[in-house]
Every structure is written in C-alpha cells, then in structure tokens.
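My entries follow the display.

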Amino acid sequence: MKRKRFTEGQIIGVLKESEAGAKTDDICRRHGISSATFYSWRKKYGGMEAG
C-alpha cells in the first residue's frame, strides 16, 4: 500500500492558506505539490475542519 505524504490535517492546513488569500501557485511551490493535486484536495476536503 502506498504511503501518504500528507495527513488530512496537513492537507486542510494547506487549503486554509488558500482561503486566507495566498496564491495557489505560491502554496503549491512552498509545499512541493502540483496544482492538480491542490485542486483535487480542494474538491475532496474543501469545507472540512481539522479534527
């Protein structure tokens, strides 16, 4: 089974940066993810709270 690089809490933190007004390109570069990954995370985890 493939090991995940980011936990759900980390993913939600990345998405919160975007909600705070940071540019998507800057967020992706800082965290080492592609924009496609960012948008798929937003589709899956958007609106969730860190638990």
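I looked up R29 and D26 and found that their side chains meet in a salt bridge, N to O at 3.3 Å; a salt bridge here is a side-chain nitrogen of Lys or Arg within 4 Å of a carboxyl oxygen of Asp or Glu. Both residues lie in helix α2, 3 residues apart, about one turn of the helix. Helices are DSSP runs (H or I, at least four residues), numbered from the N terminus. R29 is exposed at 63% relative accessibility, whereas D26 is partly exposed at 33%. The classes are buried under 20% relative accessible area, exposed over 50% and partly exposed in between (1.4 Å probe, protein chains only).

I note that this is a predicted model, in which local features need pLDDT of at least 70 and side-chain atom pairs pLDDT 80 or more, while totals for chains, interfaces and linings use all residues. Residues are numbered from 1 along each chain as its sequence is written, and side-chain values use heavy atoms, without hydrogens and water.

I counted 2 salt bridges by this rule. E17 pairs with R30, the closest N and O atoms being 2.4 Å apart. E17 lies in α1 and R30 in α2, so the pair ties together parts 13 residues apart in sequence.

I then turned to α3, where F38, W41 and Y45 are buried. These fall within an arc of 65 degrees seen down the axis (directions from the helix axis to the C-beta atoms), so they line one face of the helix. The face turned away carries exposed A36, K43 and K44.

Methods. Helices (H or I, at least four residues) and strands (E, at least two) are DSSP runs, numbered from the N terminus.
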